[in-house]
Each structure stands twice: as C-alpha cells, then as structure tokens.
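Hi everyone, thanks for coming.

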Amino acid sequence: MTGDRGEPILRFEHVSLFFDEQPALDDVSFALFPGASCVILGAAGSGKTVLLKTAIGLVKPDRGHVWLFGRDITAIPESELVDLRSRVGILFQEGGLFDSLTIEENVAYPLLNQRALRCPRDQVRARVEAALARVELEHTLEKYPSELSGGMRRRVGIARANVTEPPLVLYDSPTAGLDPITAHTIMTLILKERDTKNTTTVIVTHRYQDGHLLANFRYNPATNRIEPLAHDGRHAASDTKFLVMREGRLVFEGSQAELEASADPYVQKFVKPLRN
Amino acid sequence: MLDLLKPPILAFQEFFLLTGRTFRNLFRKPHYVDDITIQMDIIGVGSLPIVMLTGFFAGAVMALQMSRALNQYGATDQVGQIVSITLAREMGPVLTALLVAGRNASGMASELGSMKVTEQIDAMRALGTDPVQKLVKPRLVATAIVLPLLTIIADFVGMFGGWVVACPMLNLTTSSQYWSMAWRSLEYNDIAQGLIKPFVFAIVIALVGCFYGLRTTGGTQGVGLATTKAVVVASVWVFVLTFFIGKFFVSL
C-alpha cells in the first residue's frame with residue numbers, strides 16, 4: 001500500500017534515541033501516507049509516547065532522520081519546527097490541557113499562538129465553539145479543566161488537537177484509564193474527526209479494540225454513529241497500518257490480517273483479548 | 001569522583017544554555033506583554049508588604065545594634081550614615097533578593113515544574129509557543145524591572161525604621177541630623193552598586209527558578225524537589241554575587 005500516493009506525510013528512517021544510555025527508540029523505520037490511519041500498539045514503556053514526540057520534534061533523536069510533510073525535522077531549527085507543527089494536531093496522554101486556562105482559552109490556544117495559521121481574531125471564538133460542539137462540550141467554555149471529568153478532559157484535548165483542522169493528528173493513548181463506555185465515545189469522536197475531515201490519524205494505544213475500531217469502522221454523519229466498513233468479511237480493505245513496539249524496537253508492521261496471523265507471542269498478546 | 005562531578009557540571013551547562021536562549025529571545029517577537037504585566041504584579045505588588053516589613057525591621061535593628069558601638073565613641077549622631085550606607089549598599093538589595101528568591105523562585109519552579117510533569121510544556125511547544133518566550137522571558141523581564149524598585153522601597157522604609165529607633169525611641173540624634181546624615185553620606189558609588197545588585201540578582205533568581213522548573217522530572221515529588229533546589233541555589237548565588245559585585249565597587 002505504498003508508492004502510488006506520493007510523498008509520505010511522516011517517515012522515520014533508522015531513528016534511535018537514548019535516555020541515559022537506555023534505548024527509548026531503537027532503529028525505528030516506517031512511513032505513513034496521507035489519508036491513512038496508523039495504530040501503534042505496545043506495552044507501557046515500549047517507546048510509543050516517545051515515538052509521537054519524536055514525530056513532531058519535541059524530542060530530537062540521537063540517530064536517524066524524521067521527515068514530516070517532506071521536511072527533515074532533525075535538521076531544521078526550532079523556529080521552523082513551530083510552523084511545521086501548526087499542521088499537526090496532538091492529543092497528549094494526560095490531555096496536556098493548561099490547567100490555569102479555561103476550556104475556551106485552551107482550545108483557542110493553537111489558533112492564537114500558531115502564527116503560521118494566521119487565524120483572524122474575530123474567527124477564533126466561532127472556531128472554538130465549533131470544535132467543542134463536535135465533541136459535544138459546547139457548554140463548558142467558561143469551565144476550567146479541573147472541573148471536568150477525565151473523559152471530558154480527553155474530549156477537550158481532541159477538540160484542541162482538531163481546532164486548527166490539521167492534515168495529521170496524533171493521539172497518545174486516548175482511551176487509557178477510561179471505562180469502556182467512555183473509551184468507546186472517545187474512539188467515536190476520533191473516527192468522526194478522521195472521517196469528516198479526512199485527516200491522517202495516528203493513534204498510540206495498548207488496547208487492540210481501539211485499533212480494530214479504527215481499521216474497520218467509519219463515522220456516519222447521518223446517524224452520528226460509527227458503523228462497520230464492510231458487512232461481509234471480518235476485515236475491510238481499509239487503509240490502516242498496525243505497528244507494534246517492544247522496548248523501543250518496532251517488532252511488527254503490517255495490516256490487521258497480518259497482525260492477527262503473526263506468530264510472535266508478544267504481538268499475539270495484544271490481539272488475543274478480542275478474539276476470545 | 002568523575003561521576004560525582006558530572007551532574008552538577010551538566011546542570012551548570014544546561015543553565016547557561018537556557019540563559020543564552022533567553023537572552024537571544026529577549027528582543028525577538030512575540031513579546032507576551034500581558035504575561036510580563038501579570039508577573040510584575042505577582043512579583044512586585046505581591047512582595048511589597050513583606051519587603052516593606054523586613055526592610056523596616058532591618059533598618060531598625062541596624063540602628064539598635066549600632067547604638068552601643070557608636071555610644072562608645074560618642075558618635076551617636078552618625079547613626080543615619082551607618083543605616084543608610086549599609087542599607088543602600090548591602091542590606092536592601094540582599095534582603096529583598098532573598099525574599100523574592102523565597103517567594104518567587106519557588107513559585108516559578110513549582111509552577112513550571114507542575115506544567116512540565118503534566119505535559120503542559122510539551123503541549124505548549126506542540127501548539128506553537130516556545131516555552132522560553134512564553135514562560136521564561138516574561139518572568140525574567142518582570143523580575144529585572146521589579147526587583148530594583150522593590151529594593152529602593154526597602155531602602156527607604158529601612159531608613160525610616162532606623163529613624164524610629166534612633167530618634168523617638170533612643171534619642172541618639174535629632175531627626176534633621178539623622179536625615180541629613182543619611183542623605184549626604186550616600187555617594188554615586190553606593191547608589192550604583194545598590195541598583196546594579198538587585199538587577200543582577202533578579203536575572204539569577206528568575207533564571208534559576210525557571211531552570212529548575214523546566215528540568216523537573218518525576219511527578220509531584222519532583223516538583224517539591226525542584227522548588228527546594230531553586231530557592232537554595234538562588235539564595236546562595238545572591239550571597240556569592242553580592243560579595244563579588246561589592247568587591248568590584250570597593251576597588252573602584
């Protein structure tokens with residue numbers, strides 16, 4: 001599933017990163033094409049979060065190159081990186097909301113601060129309201145993050161990641177620590193953002209269900225629900241790539257069918273819960 | 001031995017890297033004037049009561065302790081001179097800086113530290129702002145403006161404290177002599193070092209506070225540790241620097 005769609009939107013080439021001589025990323029290479037979805041599975045501490053932070057240059061790799069929108073971000077200064085990041089939305093693991101700012105100020109933050117976007121001031125309010133309405137939190141504008149529940153904070157994070165309508169959105173463990181119902185709501189919202197805006201979506205998770213949803217379901221704006229892509233087979237011919245990380249290394253890369261067929265016991269551990 | 005020396009030297013290097021980045025960004029846009037104003041309010045207006053209180057008692061104590069020594073030489077009329085020179089040259093800048101270090105270096109370290117451990121610093125960078133521009137620069141500029149002003153206030157309140165002890169309480173000298181002594185004994189050298197010191201301290205306090213905040217790791221405990229370190233290091237530097245700046249001005 002490569003080649004014919006031109007430049008990859010994100011490409012890692014032999015990326016290694018060390019924390020105190022411990023490898024956090026160990027020779028990671030992959031490419032992601034526009035419009036595709038990518039699920040990164042892995043246990044806690046396997047380097048998933050570091051991978052996302054490396055992807056937008058928050059962390060500089062010790063070795064290798066990262067290309068974002070066709071630019072080698074390991075070789076450009078921070079000021080240019082800032083402009084490049086305005087085309088990427090990111091949801092942090094803990095939400096990463098500014099707890100001394102209101103929800104409205106939080107969601108408006110990228111619009112007001114990313115100068116490359118050149119968002120006119122009088123449009124900010126409307127765009128913030130629209131982004132919050134998409135995650136069904138339009139009534140929380142004046143509240144502070146601490147006044148919201150964990151699931152609501154995650155939704156605000158999704159709104160903030162998507163308010164600038166970036167072509168690439170990265171979600172770091174969007175469902176971690178949430179009950180199954182809230183987790184499903186979050187995944188619905190992620191599919192909604194992906195399918196209404198046609199964004200390239202990367203999600204880091206330890207739950208195989210999340211990847212399964214991303215690969216086999218799509219958002220239907222008519223019903224405001226998600227529905228299976230294909231009714232006949234188990235796997236739709238979707239554009240979802242699965243990556244599995246283990247101790248900083250990429251141990252698997254491929255489609256969902258290949259993932260389920262994998263004989264690697266570590267990879268199997270992630271797939272099993274859904275099968276049984 | 002080498003392993004023992006490595007962390008502090010690395011920290012020193014990182015501190016100077018942060019200092020360099022902050023100064024490079026000093027005149028570079030965006031300036032976040034709102035943040036500077038807010039910080040000036042927190043650091044300046046917020047510290048005013050405690051700075052005045054300590055300033056008053058510093059001057060009062062000085063007059064009180066000097067009264068005995070001056071009595072021995074029959075030079076109690078000199079009390080205004082002693083109070084004003086010590087305050088302007090040393091006590092005013094150092095005491096004010098220590099108070100601000102305790103209040104605001106800790107505040108900066110804990111605020112930035114909390115933001116660091118909850119990924120807000122990363123979020124800030126991901127959403128198009130440079131934490132050095134948005135967080136460090138406003139704190140540095142605000143402290144550098146406000147600390148000299150606070151020091152001037154502390155100096156004057158301290159002289160007033162000295163007067164309260166010298167004139168109404170102990171009758172060491174007359175009011176007019178106290179004030180004329182206090183006024184005439186100050187030279188440009190004293191004023192210069194009394195204003196340069198708080199300016200230098202302000203830079204150190206703000207940068208140390210922000211530095212320890214930004215390199216916080218390891219959750220809530222890390223924030224506490226960063227706060228403690230910031231206050232201790234900033235205070236120690238105040239004492240070290242006051243000696244060297246003083247030495248420079250004495251040798252002039």
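Grid points are joined across faces, edges and corners, and a volume is the space filled by probe spheres set on the points.

Some housekeeping. This is a predicted model, where local features need pLDDT of at least 70, side-chain atom pairs count only at pLDDT 80 or more, and totals for chains, interfaces and linings use all residues. Residues are numbered from 1 along each chain as its sequence is written, chains are lettered from A and ligands numbered from 1 in the order in which they are written, and side-chain values use heavy atoms, with hydrogens and water left out.

So, how many cavities of 30 Å³ or more does a search of the whole structure find? Three. The largest cavity holds about 60 Å³ of space. Among the residues lining the largest cavity are Val51(B), Ala58(B), Met91(B), Leu95(B) and Asp155(B). Two or more lining residues come from each of α2, α3 and α5 of chain B, and α3(B) gives the largest share, with six residues. By the way, helices (H or I, at least four residues) and strands (E, at least two) are DSSP runs, numbered from the N terminus. The lining of the largest cavity splits into seven nonpolar, four polar and one charged. Here Ala, Val, Leu, Ile, Met, Phe, Trp, Tyr, Cys and Pro count as nonpolar, Asp, Glu, Lys and Arg as charged, and the others, Gly among them, as polar.

The largest pocket has a volume of about 1,600 Å³. It has 35 lining residues, and closest to its centre are Leu58(A), Lys116(B), Arg125(B), Leu214(B) and Arg215(B). Which helix gives the largest share of that lining? That's α1(B), with six residues. By class, the lining of the largest pocket has 15 nonpolar, seven polar and 13 charged residues.

The second largest pocket comes in at about 1,200 Å³. Its lining counts 37 residues, with Tyr109(A), Asn113(A), Tyr32(B), Thr129(B) and Lys134(B) nearest the centre. Those 37 residues divide into 13 nonpolar, nine polar and 15 charged.

Last bit: helix packing. Axes are lines fitted to C-alpha atoms, for helices over the stretch in contact (heavy atoms within 4.5 Å), and angles run from 0 to 180 degrees between N-to-C directions. In chain B, the axes of α1 (residues 2–24) and α7 (residues 188–214) come within 10 Å and cross at roughly 115°. So α1(B) and α7(B) are roughly perpendicular; angles under 35 degrees count as roughly parallel, over 145 as roughly antiparallel, 65 to 115 as roughly perpendicular and the rest as oblique. Phe15(B) and Leu18(B) are among the α1(B) residues in this contact, and Leu207(B) and Phe211(B) among those of α7(B).

Then there's α3(B) again: its axis and that of α8(B) (residues 219–250) come within 8 Å and cross at roughly 150°. That makes the two helices roughly antiparallel.

Technical notes: On a 1 Å grid over the protein atoms alone, a cavity is a set of points where a 1.4 Å probe fits but cannot get out, and a pocket is an open set with protein on both sides within 12 Å along at least five of seven lines; lining residues have an atom within 4 Å of a point.
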